[in-house]
Amino acid sequence: MTVLEDAVAAVGVSKHFGATTALSGVTMRIAPGETHALVGRNGAGKSTLVSLLTGLQRPDEGEIRFGDAWRGRVACVFQRSTIIPSLSVAENLFLNRQAGRGPIRWGALRRRAGELLAEYDVGVDPAALAGELDVEQRQLVEIARALSQGARFIILDEPTARLDGPAIERLFARMRSLSASGVTMLFISHHLQEVFAVCDTVTVLRDARWVLTRPVADIGHDELVAAMTGEAAGLAGATDRRPADAAAPAVLELSGLGLHGAYEPLDLRIRAGEIVGVTGSGSSGKVSLAETVGGLRRASAGTVQVGGEPVGTGVPAALAAGIGLVPQDRHREGLVPLLSVAENATLPIAGELGPAGVIVPARRRAIAEELIRRYDIRAEGPGAPVASLSGGNAQKVVLARALSTRPRVLVLINPTAGVDVRSKESLLGAVRAAADAGTGVLMVSDELDDLRHCDRVLVMFHGRVTAELQAGWSDTDVVAAVEGVSA
Amino acid sequence: STNDSPGAAASGAGGAPIAVDLPRADSDFWNSYAKYIPQYAKDSGINLMTPTNSQNDIAKLVANTQALTSQGAKAIVMAPQDTGAIATTLTTLEQKKIPVVTVDTRPDKGKVFMVVRADNRAYGQKACEFLGEKLGGKGKVVEFQGSLSSVNGRDRSEAFAECMQQKYPGITVFAEPTEWEGAKASAALQTRLAQHPDINGIYMQAGGVFLAPTLQLLRSKNLIVPPSDPKHVFIVSNDGIPQEFDAIRKGEIDATVSQPADLYAKYALFYAKAAVDGKTFQPGKTDHDSTIVQVRDGVLEDQLPAPLVTKDNVDDTALWGNQIGK
Amino acid sequence: MTTTLPAGEMPVRRRAVPRLARMRDLALVPAIVALLVVGALIDPVFLTRANLVNVLQQQTELSLLVLAETLILIGGRFDLSLESTVGLAPALGVALVIPAASHGLGTEWATALAVPLCLLAGVLVGALNGVLILRFGLSAFIVTLGMLITLRGVQIGITGGQSLFDLPPSVMYLGNTAWLGLPLSIWVCAVIFAAGIAALGWFRHGRAVYAIGGNTDAARAAGIRTDRVMYAVFMIAGLLAALAGLLMTGRLGSIAAAQGDGMIFKVFAAAVIGGVSMNGGKGTLFGALCGVLVLGLVENVLTLAGVSAQWIQAVYGLVILVALVLARLTTGRAQD
Amino acid sequence: MTTTLPAGEMPVRRRAVPRLARMRDLALVPAIVALLVVGALIDPVFLTRANLVNVLQQQTELSLLVLAETLILIGGRFDLSLESTVGLAPALGVALVIPAASHGLGTEWATALAVPLCLLAGVLVGALNGVLILRFGLSAFIVTLGMLITLRGVQIGITGGQSLFDLPPSVMYLGNTAWLGLPLSIWVCAVIFAAGIAALGWFRHGRAVYAIGGNTDAARAAGIRTDRVMYAVFMIAGLLAALAGLLMTGRLGSIAAAQGDGMIFKVFAAAVIGGVSMNGGKGTLFGALCGVLVLGLVENVLTLAGVSAQWIQAVYGLVILVALVLARLTTGRAQD
Ligand SMILES: Nc1ncnc2c1ncn2[C@@H]1O[C@H](COP(=O)(O)OP(=O)(O)OP(=O)(O)O)[C@@H](O)[C@H]1O
Ligand SMILES: Nc1ncnc2c1ncn2[C@@H]1O[C@H](COP(=O)(O)OP(=O)(O)OP(=O)(O)O)[C@@H](O)[C@H]1O
Ligand SMILES: [Mg+2]
Ligand SMILES: [Mg+2]
């Protein structure tokens, strides 16, 4: 018989972590040469399946089968960074294959690394320490590493979550040419249009179980979302937002606020109920701006005022003034992994949970349950450690934490990074609800989907605000402004 | 000349520089010894180099010895607390023709000019006989041993055990390993007293570390009573520091073996100078109430007297513990 | 407009975790029970009130140090110098008030100042550690290792290596008094542990220590003044070490130049056996206290059993290793 | 649906860092030069060949331990038990071959076996640590702390606390021979360090240790057999500790029950002053070696300067602290 052998197959695999079932009897077959998408909501088990396929973990039940020619020819871009910060970029690129039996020739290695990086348009010195790279550069290094391994099967777990448009386009171009040369790929993303753009087949996981596997051409966007969420309802659009009251008083006023080396002094007023987006290319200074307002950085010039009162420096002062912050990186600044959902969500309001610094557990629990309900956090309860949550749900805890103080100003940095479609919707819904209740929102984001919820969008370029777009902008306006080309 | 090197202290005396290494800085006994050294050096016109301290660490002792030799020491006084590990150093020093006087301990191997030491076996023996007699040959005795790796501690323990076994088989001995730590001794005694409330004798191998903890514990158990009281616990200590004498005077302990810190310092320097001057000694009685014995080929030992101090002789001004601070 | 998602058929996939967490806390209870049984079999004296009180009293100083170290470890830092503070703080306090003839410094301040001075010395050492670690960004391990050596050296320097015997009664009081038939030091420890457990479990500043140890950046972003809290933790730890030094001084009746020497190893052993993580953010005072009890009981049982001096250390070490492996197997979690 | 924004060209935002990294390596060189100058001013003897050779020889054992510890630290683990292996391994090797009358175990195996047995003992201890840490998932700190106590206890147990001094010549050879006027132990260390620096700098398995210490999961994902590499590291470390024990035995002419006692603190001090991180993945053998030299020179200078016995420990500790602060200021990086 000439049955085409699977390149890789997971057959009836289950995986448990303690009491958590991450995968339950999932079967997925990947044919040679295809580009296979794997989608599902946060916590559906996608990354777990990847760790089984790459052999990092063993299934509790079922097995992973490789076609004869495929074993040992797998490369992977993991969702969690596998960059080793204390080693150079060159060494990270060629980790464990720096040399054959003999000694490593560092000069040659750096040259090879330089060539590889140039091929992917990554402007990084191969001799630099990987720890000095920013998130996006790290991601590009990881992708370059995986694609350069001469592997016949490549797994990409949310490779685009931390890339901007051109980088994504370059990645797709590279994927298409690899696909043309017969390389098999498994692609994971929360951006469904990317699935439609590069994949042949799609598998949907929901709640640790397999739901469907279908050629991409045979499935529509809404049908895919329905399969992921288990419900037929379509997604609510972002259009039906009533514009903010033009007469509302300003809650946040930045006058001459500047941070040397990051962005030039600027003025900005945000009214109660207004959502102001800020976008820009890498190193435009947008994140630094948000972090200054949130109290994480000390401005080198200018003042921040909330409701007319000047705000001191530091997070405690910002919190006291009524500024809530969703920081850029939930792993670094967002969450204390070992503590419970309840505790993480109530960290800034710990002083209000009882008299004289006492924390009354019942009150904390009640508040946390309310937050969990309001922001639709999927956790087994307020007492579950945050480390056991999937990425999207963890992000919602960070938002809940920022909103727990009922802030007058909410500062968000890339709030929906790595969050599935439905969770994204509920996250942004929560932000809008807060705005509707009179909070002024400053939202820094690279995603047009996020920005569509804004009343106006500022575009920054090399530390300056170069454009201000009122609601009703078109995608091309933003793209042009971001690239520094006048539209 | 080495005299202009800062290593040679300006003691005003000429002559060959003599070096002293102190074994540790955290014990009362050795600190007293350290105080006597410059005093006797001055008295006998010795060119004393600044003493080094090896902090109870044999590796430091070896390093110090090397440094002192390069600084021009012509004789070295040391007190190796680890008597095995000094062997190679002694060989090296012998090759360099630098005589060595060891104090308190006798190296297991290698040649030294003289060992200045009291007989530690005699300490154990004296303590055993005192307790045996006071207890009338029966009872229960707790012995705070030093550390197994210390030769002095081992000598005291062995002699005490042998004597008890042969002369007073009616006495039960609880030997407690303490690593010379007061806290360990206190805990062991507390446990032992709970187990055997009728303990009536204690032998502590070092008064400096065990005296205060023992008394403190007995006091809290109301066990410090005059010898006439049947509950009295007879205590023999070892070292002869002023605090032990005070305790004897107050009737808190009954005896101690006075380990002669002053004589250690005096005769160590005496023999070091004699060695530099080319003098030699023979086994036999000395002019200072002691005996030189040949412990093995090439090693002479001057065994200084170590008197047992009780209420009867505690005020003897000849005891070093009574001279200190006067 | 907010669209709240219907819960769908999201099954509750996890069993409650707190039970597990609490189990970790209780992991040593079987070991303690086992030790009690073994002790009782070895010698009937073991289970007497007097003996058990002795065990407790002997562990009071260690337990205070373990409490101090646990606070610091939960905060994600490290302090090796506590054992030197146990000696230096009382020695300094005493040396400043006694006459030079008794090896004092000659200042002869009022005797009543000895205890406050001792506690102050502890706080200052903690503050100094804090400055070097938090302010200068030095590695906690190596800073406190340097401190360990320096402080012991200072103690030897100011006392000339002599034990201090002439102690004012106030210094002896804490470690040498009994209330209602129990040594005062046990009462003191009990109160401090109760306060510590309450603070770490139900007070904002206590929970902040967990947050800092778990993720300092996140704690800072949530408005916790991380440096201030850690300064406080280091100073409280120094204070507790000084207090432990006072208890020990009272119990032993003198301050040896080596007081506290070598305790730090036991402190870490007790804390880690008791489930406190070396990586910060994890552990409880109750667990740490169980660790202290296990070590104390092991020592007591070995003494009562009359294990030969030659082998006692090997047996002690082995028992610790076995306790670790058992704690690992009962909680089923990797330690760190 | 979601459209991500394009970004302009990605500028190279940061300067090449290796220069800094290399500077970190050389951070101690000024301190070493300063010590040499100070030493020369204090005593002309200091710069004599004999004195410097002495300093080097005295540091050989420490340097081997530091090498071993550095390997383990780079791999992100911890080993406190090395100092006990320094005593136990030679003691065991010797006790198995000498007659019972010299405190042997009575087995009296062939004398030639002493050295191989000693090294084997070191390897086995390393393997045992590896099993407990890697296999059972116990905390490295606490396992090796337990080992530290247990191994020392075993040594005291088998030797009854006595020093062994009837040593076969083979055991003495390494620590007690000179080649071309330099002690053999210096040659041995030089060769081993050269090999270690080459392995860690230019060979795949050496680099794998850095990768494991930097991020174990990432290393595993890159196909490195992380457990296997770490087992090898633990066993090599045990072997090096046993070798250090042999050097020390030869140098001192006997094996004391306390051989190696207290060295581990110095080992860590040297490694961390030398820039090795306690968090894994960072540090070089060259830096660690500089750390060893600094400690050795400080001790030598303090001895030659005749610092009073009363204050020498305090001064020594202070010098370490100052060295740390200076290393921090010259490299400008926080230590960990
Ligand atoms: N090491 C682990 N320990 C405990 N639970 C885990 C572990 N890894 C994953 N989980 C749990 O298993 C489930 C599946 O996680 P997984 O990371 O595979 O989700 P995912 O589909 O990749 O989600 P996301 O889109 O957010 O990346 C989640 O509930 C997660 O919390
Ligand atoms: N405290 C600071 N001191 C000096 N330079 C800084 C500081 N903070 C940020 N920068 C620099 O300022 C520029 C803007 O940084 P920022 O992170 O705000 O940009 P961004 O637009 O968010 O970029 P990206 O999208 O890559 O995160 C960068 O070149 C960054 O390296
Ligand atoms: Mg995932
Ligand atoms: Mg940024």
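**Close-up views of a predicted model**

**View 1. C:S185 is found in helix 8 of chain C.** Helices (H or I, at least four residues) and strands (E, at least two) are DSSP runs, numbered from the N terminus. C:S185 is buried, with a relative accessible area of 2%; buried means under 20% relative accessible area, exposed over 50%, and partly exposed in between (1.4 Å probe, protein chains only). Leaving aside neighbours within four places in sequence, C:S185 is in contact (heavy atoms within 4.5 Å) with C:Q57, C:T60, C:L174 and C:L247. This is a predicted model, in which local features need pLDDT of at least 70 and side-chain atom pairs count only at pLDDT 80 or more, while totals for chains, interfaces and linings use all residues. Residues are numbered from 1 along each chain as its sequence is written, chains are lettered from A and ligands numbered from 1 in the order in which they are written, and side-chain values use heavy atoms, with hydrogens and water left out.

**View 2. Helix 8 (residues 184-202) and helix 11 (residues 226-252) of chain C have axes that come within 11 Å and cross at roughly 165°.** Axes are lines fitted to C-alpha atoms, for helices over the stretch in contact, and angles run from 0 to 180 degrees between N-to-C directions. Helix 8 of chain C and helix 11 of chain C are therefore roughly antiparallel to each other (angles under 35 degrees count as roughly parallel, over 145 as roughly antiparallel, 65 to 115 as roughly perpendicular and the rest as oblique). From helix 8 of chain C, C:S185, C:V188, C:C189 and C:I192 meet C:L240, C:L243 and C:L247 of helix 11 of chain C. By class, this contact has six nonpolar, one polar and no charged residues (Ala, Val, Leu, Ile, Met, Phe, Trp, Tyr, Cys and Pro count as nonpolar, Asp, Glu, Lys and Arg as charged, and the others, Gly among them, as polar).

**View 3. The axes of helix 7 (residues 207-220) of chain B and helix 11 of chain C come within 6 Å and cross at roughly 80°.** Helix 7 of chain B is therefore roughly perpendicular to helix 11 of chain C. B:A212, B:P213 and B:Q216 of helix 7 of chain B make the contact with C:G250, C:R251 and C:L252 of helix 11 of chain C. The residues of this contact divide into three nonpolar, two polar and one charged.

**View 4. Chain A has 16 helices and 19 strands.** Of its 487 residues, 59% count as buried. Along its principal axes, the C-alpha trace of chain A spans about 75 × 50 × 45 Å.
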